[in-house]
Amino acid sequence: MRIIRPLNENWLFVKKQDQDPSVIPEGGVRVDLPHTWNAVDGHDGIVTEVAGPDWAKGDLSKAPEDSYDRGSYWYYKTFETPKQPLKDGKVYVEVLAAGQQAAVYVNGQKACYHEGGYSAFRADVTAFCYEDRENLLAINVSNVYLTNVYPQFADFTFYGGLYRGVNLICVPDAHFDLDYYGGPGVMVTPSVEEDGSAMFEIESFVKGADENFTVLYTVKDAEGKEAARGTRPVTDSGICLPVPDAKLWSPQSPYLYMVTAALVRRNEVRDEVTVRCGVRYFSCDPDKGFFLNGRSLPLRGVSRHQDRLYKGNALTREDHYEDAKIIKELGANSIRLAHYQHSQDFYDACDELGFVVWAEIPFITIMSQDPKAHENCISQMTELIVQNYHHPSICFWGLSNEVLLAGKDNEQLVQNHRELQALVRSLDPSRLTTLAHVSNTPEDSELHDITDVEAYNHYFGWYVGTMEDNGPWLDAYHENHPDRCVGVSEYGCEGILTYHSAKPEKQDYSEDYQALYHECLVKVFSERPWVWCSYVWNMFDFGAAARNEGGVAGRNNKGLVTIDRKIKKDSYYIYKAYWNPEPMVHICGKNYAQRAGETTEIRVYSNQPEVSLYLNGELQEVKAADKVFVFTVALQEGMNTLCARAGDVLDTAVLEKVDKEPDIYYLPPEKRRRG
Ligand code: ADA
């Protein structure tokens, strides 16, 4: 049987460029994986030397503006070759991700080189391992800018490091394949039959086995009960296993099956692989939007980046699950996992907690002029699909994001998209393709005619226009292009807890404006089920090293929740009111703690029909409204206690009446966007 041994402890991290992979160097620090060397400078806003290209002119010859350490560094670790029961086994090193490119050496011998910072890759190191003494594993990892590796340039930090972990995998000579784009060596495609039963179409890819071997497949239900079983010869290993009365997967009922393929010789299982699957079917209609299992399900959710305060992207499985639970509490039914392949941990959480996922590759902002870059797109898309084929949560593969932001709409760009579309169709005809247009993408661009569905990134009410422009834009587009399935892949605005105003306005970076903006947008989408998806940009504030806005350098602050996951902003709660049926009430403006003026506005969010507001124990008013309840109250001198009751739920707030509000509440325009 295969042995999977995590190699995450006791690495030596050497922050030097050229090193000898066959000898442990002097210096360095002991680290455990996951690890990134940009855990702090990736979003602390301290600008180091600026290599400053003018990327807007497409000049990417030099590394984009660097305000974090982009280097080529080394990790070292010794390991023993595991003793295998059978002598002819194979040994692989599996890197779960290395930002952004990496080379793997064992005992000084180069085993592989990989480009792309977000996918797993493996190296067969059998020939380089010693039988009788320790081996030396050295991995050179680099997030130095290369013209042929995506992302070229984008509004998030390209963290460097072994940030998801490394495994040693040992398999017998006869085993399920480990060489194909980091895939599991088995491919399971569940589908729903006319009679409501499910069919599990399974294919496995076996190496080193002769006619004495067979493959035994079993399907187990969520209770661990065997639901189907079948055997095939390795020479023709495909099989379709029926599961009558299958339970479907959906966000409301994320039912999972376990499919195991066992490689059997005589009465012995030599190798085994298990994948989790879900049975569902879905479609998109230009006029009716997204359907899952035959029911309309407008996808209403958030986008999420994979980094946290002072951890960078070196997250644990618990971190990923915590993020997913915060999003589940919001009541989202979908997540756009921008702008790259995310961790298996997070896709697993989406399968288990129930989210429909848009997964994508980092073909973003600009198409590199380096022809080799398209090969990188192709390999990253292949890895994304092969490594994540089994996640029932994933329904969409995203080809690109805002490639017209800094690039030109040209034939090569269209051709590259057509090739990506053909690749996805060949690897996975069971899912839909999509892409995210930058807001000013011409409506007659050929980029509209390639993917199955499409979406736009719109920031009306933040960068341009007003929040009220969003509904009319969607209605006009829908009318002009009734054959297109259109969604909104991004929308949002900055919200920083320090800034407050009784008269919030666009670009004031206040928590209050962000809440008003999202009050407007959540309603726009609730009235348009034909908009197949809408994703708040972003669920969490995240690292964007080149940014310097709102007095918070190094970060994008459009999150509904702070980068440390500790504080939900007011805007979080308007979504909870719309999307989570559990009774709730939330008094906004708790951080707007000191208020001047005879009266002040108190906004309350609730999914209950009526809210009663009390000031210092006195009932002020009972209001009936739909989600947003706006009261005007006259605070008394000093400290005041507010209480909002809605049915059986309540919320309180403490506000102080002052003569003059703190200057810090207001960010002068000249300080709002710098750099
Ligand atoms: C774009 C881009 C995002 C982010 C966003 C913003 O839509 O796709 O990655 O940069 O703008 O915050 O401006």
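**Helix packing, ligand shell and backbone geometry**

Helix 1 (residues 317–330) and helix 2 (residues 344–353) pack at an angle of about 40°, their axes lying 9 Å apart. The model is predicted: local features require pLDDT of at least 70, side-chain atom pairs count only at pLDDT 80 or more, and totals for chains, interfaces and linings use all residues. Residues are numbered from 1 along each chain as its sequence is written, and side-chain values use heavy atoms, with hydrogens and water left out.

Helices (H or I, at least four residues) and strands (E, at least two) are DSSP runs, numbered from the N terminus. Axes are lines fitted to C-alpha atoms, for helices over the stretch in contact, and angles run from 0 to 180 degrees between N-to-C directions. Angles under 35 degrees count as roughly parallel, over 145 as roughly antiparallel, 65 to 115 as roughly perpendicular and the rest as oblique. Helix 1 and helix 2 are therefore oblique to each other. Their crossing is right-handed (the near helix is turned clockwise from the far one by less than a right angle).

A second pair is formed by helix 3 (residues 372–388) and helix 4 (residues 411–427), whose axes come within 10 Å and cross at roughly 25°. Helix 3 and helix 4 are therefore roughly parallel to each other. Helix 3 passes helix 4 in a right-handed crossing.

Polar contacts are pairs of N or O atoms within 3.5 Å. A polar side-chain atom of His339 lies 2.7 Å from a ligand oxygen atom. For Lys558 the corresponding distance is 2.7 Å, and for Asn556 it is 2.8 Å. The protein covers 92% of the 310 Å² of accessible area that the ligand has on its own (Shrake-Rupley method, 1.4 Å probe).

Most residues other than glycine have a negative phi, and most peptide bonds are trans. The bond from Ala338 to His339 is cis, with omega near -20°. His339 sits in the loop between strand 24 (334–337) and helix 2. The bond from Trp537 to Asn538 is also cis, with omega near 20°. Asn538 belongs to the loop between strand 30 (533–536) and strand 31 (542–549). Arg266 has a positive phi, near 50°. Arg266 lies in the loop between strand 18 (257–265) and strand 19 (268–277).

Conventions:
Polar contact = N/O pair within 3.5 Å; in protein donor to acceptor, adjacent residues only side chain to side chain.
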